[in-house]
2 protein chains.
Amino acid sequence: MTTPKPATIHDIARLAGVSSATVSRVLSNSGYPVSAKLREKILRTAKEVHYVPNLLGKQLKTNINTTIGVIVPSITNPFYSSVLLGIEETARKNNYNVLLCNSMHDPVLEETYLRTTFEKQIRGLILSSITEDKKAIQDYIRMGQRIIAIDQKIDDAGISQVEFDYHKGGLLATRHLIANGHRRIAFVTAPLDRPSRIGIHSGYLEAMREAGLELLVKETARDHKYDGIYEFENGKALTSMLLEEEDKPTAVFACNDMTAFGVIHQLDASGFRVPDDISVIGFDGIDFGEIVRPALTTIKQPNAEMGRLACSMLMEAMQSDGFEPVHLLLQPKLIERQSVAPIAIEA
Amino acid sequence: MTTPKPATIHDIARLAGVSSATVSRVLSNSGYPVSAKLREKILRTAKEVHYVPNLLGKQLKTNINTTIGVIVPSITNPFYSSVLLGIEETARKNNYNVLLCNSMHDPVLEETYLRTTFEKQIRGLILSSITEDKKAIQDYIRMGQRIIAIDQKIDDAGISQVEFDYHKGGLLATRHLIANGHRRIAFVTAPLDRPSRIGIHSGYLEAMREAGLELLVKETARDHKYDGIYEFENGKALTSMLLEEEDKPTAVFACNDMTAFGVIHQLDASGFRVPDDISVIGFDGIDFGEIVRPALTTIKQPNAEMGRLACSMLMEAMQSDGFEPVHLLLQPKLIERQSVAPIAIEA
DNA sequence: ATGAAAGCGCTAACAT
DNA sequence: ATGTTAGCGCTTTCAT
């Protein structure tokens, strides 16, 4: 089945006995004046030949591309899929589409995507970068790529970004535990090599310090790659280590919800009841926190909102010629559910 | 900050004192013979001007587009994000990119995406359609769009598709319950308006019939939209209805894992222990099944594998001129975890 | 109000 | 082995 070549504006022009310029003017809704008679005729024959505009031709000419790229570590993480949905929603409202790029936590792949999106003439990117070295990113910005950094901030650059106030979140979570009477509070975390985790950690530190409490941090070795179900495994592993402590914690603060699930799982497996014996608080606010038993107390980030905002900012950045980088700091919120309890009064 | 116009092959040609054809020949790795001297010179000046090929120009000329579209109801559903990851993986291996389209369960939006992907000259789609009316799809196929249907089969058309053997899965799940001594087995499901659910349902029917058992089906009203957390709510609601039955079930089979989580939740809230009092089995095999307590016994579908296969099939379909539609039926597998127990012997 | 023509960046006959 | 040229589908000056 060989498909007939689709009709172009030239075909329509020939059939309607007009010039292709006129056809272009009406079919592209240019607003350019065309007599009602011709307009109607063109519209009619366009319909007859099932005309579908070729956006590539238009794009090559106008140099306006209506697709943006989104680069995230992995869509498998519910946090990113929420963000992505928010991005797509506002992109759609602006008649943009989204090219999805999962970097799979691989810096090389991230850079590959940086390049191919640029080659495809995409001039707007929303990026949750996992690379330490931001040089490549700078290069593309210099070449005219518009980039909004989300989640993982990019320090050096004059880059617009929307991120969560991780420090505040860490503070909020830890203080909540303290307010519930806990004094021996552990922080379990994937490697502290990303701004988000570093922020959460510093929030934990500040809250502990202001309460005069002793720190207890368990961090995964830096060479691990954790994602999706692995974060869960990570939570289990870190908890096992934690339970070997002489002075066991009465509360655990996990760097994200998936890890928290692992913590709860391991606690349960080791015979500790949550929250009766040990309280657990997470960080993210993914939907599954409601599903799990006990429902997870956590710090909620406005995920989809982050996506929407990032996309709006991108749309603006792509319109304007100059650029003054904007930083947005989204505020965290405590979601009280069932995994945190006031500390039991030891008799 | 106005960005200088990026260099084209013509710029390079001028600088290197050769024709743009020659430049194209070396920069596009055409394999066409070019003297080592010129090649080297061209490569050098390309690097000097930071040449980045404009794939749009190439595409317009060659009529070969290296992005495919993926249309799914919502990436928020972990099942689809797994599939998507599989798709992107094999797309990437073939140097293709993925334009993501969430139809949000909206037929109108689905059709919009059908159109815009076509306008963007995308000539390969992986589609989990939610529309009843497949006419639009047929139209685009006729115009040359290559479409692989996943998950939701498209009956009428000569369309290639890869789907799960839902009937077999339904059979497997129900038989597992029966093998554990259950006789009063409920099937709770979102509306039976999609091939997948209908297949699962028919598997349930067959297994029940062959064991001579009485049916007990609870179906959501058809006008609801269930997705993500709502499937969870749906499971709760259906379970409430179920518990009003005179003759309560000893086992519940849910049409998907998210719904099963809701079932377990409501059972728990109503004072029934899973699996001690009532067994629950799900359908999907999403990762969270391992995280939830009790871990969910379920029917696992090879999600990412489905994505990979669908993408491979698409790549082939896009190469060949003729087309003989292929149907792939992926086999389900029982994952025994902790939410199903042999029925208690009533004294 | 309409048309002619150039050109966006690239490739691919077709010459030489 | 290299160059010349036409053209992919579209928009947009510039004439008329």
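Which residue meets A:Asp11 in a salt bridge? The side chain of A:Arg14 does, with 2.8 Å from N to O. The legends below treat this pair and other close-up views. The model is predicted, so local features are reported only at pLDDT of at least 70 and side-chain atom pairs only at pLDDT 80 or more, while totals for chains, interfaces and linings use all residues. Residues are numbered from 1 along each chain as its sequence is written, chains are lettered from A and ligands numbered from 1 in the order in which they are written, and side-chain values use heavy atoms, with hydrogens and water left out.

**View 1. Salt bridge within helix H1 of chain A.** A:Asp11 and A:Arg14 both belong to helix H1 (residues 9-16) of chain A and lie three residues apart, about one turn of the helix. A salt bridge here is a side-chain nitrogen of Lys or Arg within 4 Å of a carboxyl oxygen of Asp or Glu. Over all chains, the whole structure has 38 salt bridges. Helices (H or I, at least four residues) and strands (E, at least two) are DSSP runs, numbered from the N terminus.

**View 2. The interface of chain A and chain B.** Chain A contributes 56 residues to the contact and chain B contributes 56 residues, contact meaning heavy atoms within 4.5 Å. About 5,500 Å² is buried between the two chains, 64% of it on carbon and sulfur atoms; buried area is the accessible area (1.4 Å probe) that two parts lose on being put together, summed over both. Across the interface there are 16 residue pairs in polar contact, both residues at pLDDT 80 or more. A polar contact is a pair of N or O atoms within 3.5 Å; within protein, one must be able to donate a hydrogen and the other to accept it, and residues adjacent in sequence count only if both atoms are side-chain atoms. Elements of chain A that each supply at least two residues to the side touching chain B include helix H5 (78-93), strand E2 (97-102), helix H6 (107-119) and helix H10 (229-242). That side of chain A has 28 nonpolar, 17 polar and eleven charged residues. In this classification Ala, Val, Leu, Ile, Met, Phe, Trp, Tyr, Cys and Pro are nonpolar, Asp, Glu, Lys and Arg are charged, and the others, Gly among them, are polar.

**View 3. A salt bridge between the chains.** Two salt bridges are counted between chain A and chain B. One of them joins A:Arg293 and B:Asp268, whose closest N and O atoms are 3.1 Å apart.

View 4. E2(A) pairs with strand E2 (residues 97-102) of chain B in the antiparallel sense, over three bridges. Two strands count as paired if DSSP finds at least two bridges between them. Opposite A:Leu99 stands B:Leu99 in E2(B).

**View 5. The open sheet of chain A.** Four strands in the order E7-E6-E8-E9 form an open sheet in chain A, with parallel pairing. Strand E7 (217-219) and E9 of chain A are the edge strands, each pairing on one side only. The twist from one strand to the next averages 20°. Strand E6 (residues 185-189) of chain A pairs with E7(A) over three bridges, and A:Thr189 stands opposite A:Glu219. Helix H9 (residues 195-210) of chain A packs on the sheet, where E6, E7 and strand E8 (251-254) are touched, and its direction makes about 170° with that of E6(A). H11(A) lies across E6, E8 and E9 of chain A and runs at about 165° to E9(A). Axes are lines fitted to C-alpha atoms, for helices over the stretch in contact, and angles run from 0 to 180 degrees between N-to-C directions.

**View 6. The open sheet of chain B.** In chain B, an open sheet of four strands has the order E7-E6-E8-E9 and parallel pairing. Its edge strands are strand E7 (217-219) and strand E9 (279-281). B:Thr189 has B:Glu219 in E7(B) as its bridge partner. Helix H8 (residues 166-179) of chain B packs on this sheet and touches E6, strand E8 (251-254) and E9, at about 170° to E8(B).

**View 7. Backbone details in loops.** A cis peptide bond with omega of about 5° joins A:Val274 and A:Pro275, and A:Pro275 lies in the loop between H11 and strand E9 (279-281) of chain A. In chain B, the peptide bond from B:Val274 to B:Pro275 is cis, with omega near 5°. A:His105, in the loop between E2 and H6 of chain A, has a positive phi of about 60° although this residue is not a glycine.
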